Amino acid sequence: MELHADATRTASTPRTDRDLYRLAPSMDTVAVQAMVNRLEFRATDAIFMGMSQSYFSRLPVESAHQILALGCGTGVEVRTLKRTTSTTAKITGIDHSPALIDVARQRTAEEGLNDNVEYLVGDAHHLDLRDAQFDIVILHTLLSHVDDPLQVLSEARRVCIRGGHIAVFDGDFASLSFGYPRVEIAKEIDATLLQLVFANPRVMRDMPRLLREAELELLEALGEVYADIGTGSFW
């Protein structure tokens, strides 16, 4: 049994009316561009990309025939896989925002990485894909933003081959904390940011239960801390 201070909702209870990424399809062009800038900025951050590489390197991408990136955004992870591995797999990126998919297609083409890459608009909760299609399914910073993490994991399992790999990369955003001289204001900033940006800030704490209910086996778990000290550059 897990006990949380926020007893009114579980890790899989959505708060998507406040989650900016979940609202991406209905945002205006200015807000979408800000989101694009943020997603692309993360790809320039050495610490964040190092975290990505630490799990990419553990996936059997070289032997994969098809790879799916759910919630691909601007295609950063797709492009990273193309640049940093020797995979010949077809890579499919899916996001629910047509605007972000347009950016993903454009940037992938500009970087000359669009060979064997396909981007589709779709809902990770209800994928228009056949069963057992992909060797690897990647959920990169996705589950903290979705309506129903269990449904998304179940869909990932459905489209993944038996014996395939599903990689979940996300944050324990309930532990997110910023420094400020007045502690009461610092706590209010932390809580407000969680409400605005993350539908499921505790989802990684709930992952053992979610994996069991999705009938998935945990093969490996990696834990890393991003401590941005003195500059606040990542945020």
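Let's start with N116, which is partly exposed, with a relative accessible area of 35%. That value falls in the partly exposed class because buried means under 20% and exposed means over 50%. The structure is a predicted model, so the numbers here are all computed from predicted coordinates. N116 sits in the loop between α4 (98–110) and β3. Its backbone is worth a look: N116 is not a glycine, yet phi is positive, at about 65°.

A132 is another case, with a positive phi near 50° in a residue other than glycine. This one belongs to the loop between β3 and β4. A132 is partly exposed too, and its relative accessible area is 45%. For background, most residues other than glycine have a negative phi.

## The chain as a whole

Zooming out, the protein chain has seven helices and five strands. Reading from the N terminus, the elements go α-α-β-α-β-α-β-β-α-β-α-α.

How does the radius of gyration of the chain line up with that of a compact globule? For 235 residues, a compact globule would come out near 18 Å, and the protein chain has 18 Å, so the two agree. The C-alpha trace spans about 55 × 40 × 30 Å along its principal axes. As for burial, 44% of the 235 residues count as buried.

The five strands form an open sheet in the order β3-β2-β1-β4-β5, with parallel pairing. At the edges are β3 (117–121) and β5 (160–169), each of which pairs on one side only. Going from one strand to the next, the twist averages 20°. In general, strands of a sheet pair through backbone hydrogen bonds, either parallel or antiparallel.

Which residue of β4 is the bridge partner of L70? That would be L139. Helix α5 (residues 149–159) lies across β1, β4 and β5, and runs at about 145° to β5.

## Where α2 meets α3

Now for a helix pair. The axes of α2 (residues 46–56) and α3 (residues 76–84) come within 12 Å of each other, crossing at roughly 65°. The crossing of α2 past α3 is right-handed.

Which residues make the contact between α2 and α3? From α2 there are M49, Q53 and F56, and these meet E77, T80, L81 and T84 in α3. Sorted by class, this contact has three nonpolar residues, three polar ones and one charged one.

## V36, a buried spot in α1

Is V36 buried or exposed? V36 has a relative accessible area of 2%, so it counts as buried, the cut-off being under 20%. This valine is part of helix α1 (residues 29–42).

Leaving aside residues up to four places away in sequence, V36 touches T74, L100, V103 and R107. A99 is 63 residues from V36 along the chain, and their C-alpha atoms are separated by 9.3 Å.

Methods: Residues are numbered from 1 along each chain as its sequence is written. This is a predicted model: local features need pLDDT of at least 70, side-chain atom pairs count only at pLDDT 80 or more; totals for chains, interfaces and linings use all residues. Side-chain values use heavy atoms; hydrogens and water are left out. Two strands pair if DSSP finds at least two bridges between them. Helices (H or I, at least four residues) and strands (E, at least two) are DSSP runs, numbered from the N terminus. Axes are lines fitted to C-alpha atoms, for helices over the stretch in contact, and angles run from 0 to 180 degrees between N-to-C directions. Contact means heavy atoms within 4.5 Å. A crossing is left-handed if the near helix is turned anticlockwise from the far one by less than a right angle, and right-handed if clockwise. Ala, Val, Leu, Ile, Met, Phe, Trp, Tyr, Cys and Pro count as nonpolar, Asp, Glu, Lys and Arg as charged, and the others, Gly among them, as polar. Buried means under 20% relative accessible area, exposed over 50%, partly exposed in between (1.4 Å probe, protein chains only). The radius of gyration is taken over C-alpha atoms; the globule rule is 2.2 Å times the number of residues to the power 0.38.
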